[in-house]
Amino acid sequence: MGLSSTNSFDENPSKNSSEVQPDHNECLKILNLVLDEEASPEEQEYFKKHIENCMPYYEIYSVDKAIKEMIREKCYDREVPKDLIDQIKSKIFQGAE
């Protein structure tokens with residue numbers, strides 16, 4: 001999923017970047033790009049600013065990062081199906097509610 005249609009973090013170039021408040025929906029879209037190290041420097045900075053001030057999104061980031069790291073360690077040299085990752089995340093978040 002590309003971010004070309006969701007670049008709301010730079011819609012208003014006349015605003016100073018410190019004045020722009022990060023959008024929760026935008027951060028969710030950027031989360032996997034950041035975790036997969038596919039986010040642009042601007043997306044990384046935008047996400048970083050959001051999680052510094054938003055504990056729920058920091059927690060989501062931390063959990064997702066831990067899941068990906070665990071899967072990488074346990075499944076070394078194996079390709080992990082995306083649906084498996086999604087199922088694991090779903091079960092973890094259901095248990096957290």
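Select helix 1 and helix 3 together: in this predicted model, helix 1 passes helix 3 in a right-handed crossing. To set the selection, take residues 24-35 for helix 1 and residues 55-74 for helix 3. Their axes come within 11 Å and cross at roughly 20°. Since angles under 35 degrees count as roughly parallel, helix 1 and helix 3 are therefore described as roughly parallel to each other.

Next, display the side chains at this contact. On helix 1, select H24, C27, L28, L31, N32, V34 and L35. Facing them on helix 3 are Y57, I60, Y61, D64, K65, K68 and R72. Coloured by class, this contact of helix 1 with helix 3 shows 8 nonpolar, 2 polar and 4 charged residues.

The crossing of helix 1 past helix 2 is left-handed.

For the residues at this second contact, select H24, E26, C27, I30, L31, L33 and V34 on helix 1. Their partners on helix 2 are E43, Q44, Y46, F47 and H50. By class, the contact of helix 1 with helix 2 comprises 7 nonpolar, 3 polar and 2 charged residues.

Finally, return to helix 1 and highlight H24, C27, L31 and V34: these residues take part in the contact with helix 3 and also in the contact with helix 2.

Methods: Residues are numbered from 1 along each chain as its sequence is written. This is a predicted model: local features need pLDDT of at least 70, side-chain atom pairs count only at pLDDT 80 or more; totals for chains, interfaces and linings use all residues. Side-chain values use heavy atoms; hydrogens and water are left out. Axes are lines fitted to C-alpha atoms, for helices over the stretch in contact, and angles run from 0 to 180 degrees between N-to-C directions. Helices (H or I, at least four residues) and strands (E, at least two) are DSSP runs, numbered from the N terminus. Angles under 35 degrees count as roughly parallel, over 145 as roughly antiparallel, 65 to 115 as roughly perpendicular and the rest as oblique. A crossing is left-handed if the near helix is turned anticlockwise from the far one by less than a right angle, and right-handed if clockwise. Contact means heavy atoms within 4.5 Å. Ala, Val, Leu, Ile, Met, Phe, Trp, Tyr, Cys and Pro count as nonpolar, Asp, Glu, Lys and Arg as charged, and the others, Gly among them, as polar.
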